[in-house]
Amino acid sequence: MMFLQTLTEKFAAFKREKRGNIAIIFGFAAVPLMLGAGIAVDYARGVTAKNVMQSAADAAALAAASMSNASEADRIAMAQSVFDANFKTFKGVNAGNLNVTFPGDGVRVTYEASVDTVLMKLAGIQDIPLQTETEVNLPAAKKAEIALVLDYSGSMDQQLNGEKKYITMKNAAKQLVSDIAQSPAASSIKIGLVPFSHHVYT
């Protein structure tokens, strides 16, 4: 009887004991906390890789689109070269295949890859799949209208490299108009001048 009473008292004392609770709780929470941190770190790596891939794919598509007179094989080779130059230095990404197609009057570039995880492996996730796609239209000859807004306010009367600013501006504007007038596309370009100070001069 005495033994049972002593055992009951000890059990009751054990239930009232609070020392070490934090350590026990932290022990149970350690795994999900580590997993949460791992998800954040690996996700950030995946976002960074996706941004680099997107920029490389955009550059590749623009390069292929600029070679409108070349063969498809040459344009694909150029797209691959530009993509590799912008993406080859990124570490931790399992390389995929660049796919270049020419729908209608445009260029479409797609790329699929994956990023190896570090801490997410604890949850059985070995990698993060990545995919990017971009499409640009081929450049075409179109008409353009250019407006040169020329500042003639008081500050333009100041000197810059030994010459008043408005004189430098005037000469630069004249040179630009002359260069455009001598270009092959001159007939499809209109140029307007808008001089202003406190108000627009007509």
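Predicted model: local features only at pLDDT ≥ 70, side-chain atom pairs only at ≥ 80, totals over all residues.
Is L193 buried or exposed? With a relative accessible area of 53%, L193 counts as exposed, because the cut-off for that word is over 50%.

In soluble globular proteins, nonpolar side chains tend to be buried together.

## The chain as a whole

Now step back and look at the whole protein chain. It holds four helices and eight strands. Reading from the N terminus, the order of the elements is α-α-α-β-β-β-β-β-β-β-α-β.

How much of the chain is buried? Of the 202 residues in the protein chain, 22% are buried. The accessible surface of the chain comes to about 14200 Å², and carbon and sulfur atoms account for 60% of that area. Contacts tell another part of the story: among those with a separation of 6 or more, 56% are between residues 24 or more positions apart.

## Inside: the nonpolar cores

The largest nonpolar core has 24 residues. Within this core, the residues with the most contacts are F83, F87, V100, V107, V109 and Y111. Which elements give two or more residues to the core? They are α2 (21-66), α3 (72-87), β2 (98-101), β3 (106-116) and β4 (127-137). Helix α2 supplies the largest share, eight residues. Another core lies apart from this one and has five residues, including L150, M156, M169 and A173.

Leaving aside its neighbours within four places in sequence, V107 is in contact with A61, A64, A65, R75, V100, T101, F102, T134, E135, V136 and L138. Of these partners, V100 is also listed among the core residues with the most contacts. Another partner, E135, will come up again below, in a salt bridge.

## Salt bridges

How many salt bridges does a search of the whole structure find? The search finds three. In one of them, R108 pairs with E133, and the closest N and O atoms are 3.4 Å apart. This pair links distant parts of the chain, since R108 is in strand β3 and E133 is in strand β4, 25 residues apart. R108 also meets E135 in a salt bridge, with 3.0 Å from N to O. E135 lies in strand β4 and R108 in strand β3, so this pair ties together parts that are 27 residues apart in sequence. Together, R108, E133 and E135 are linked in a network of salt bridges.

D157 has 42% relative accessibility, so it counts as partly exposed. K164, at 30% relative accessibility, counts as partly exposed as well.

Key:
Residues numbered from 1 in each chain as written. Heavy atoms only, no water. Core = buried A, V, L, I, M, F, W, Y, C linked by side-chain atoms within 4.5 Å. Buried < 20%, exposed > 50% of the residue type's maximum accessible area, 1.4 Å probe, protein only. Contact = heavy atoms within 4.5 Å. Areas by Shrake-Rupley, 256 points an atom, 1.4 Å probe, with all protein chains shown as cover. Salt bridge = Lys/Arg side-chain N within 4 Å of Asp/Glu carboxyl O.
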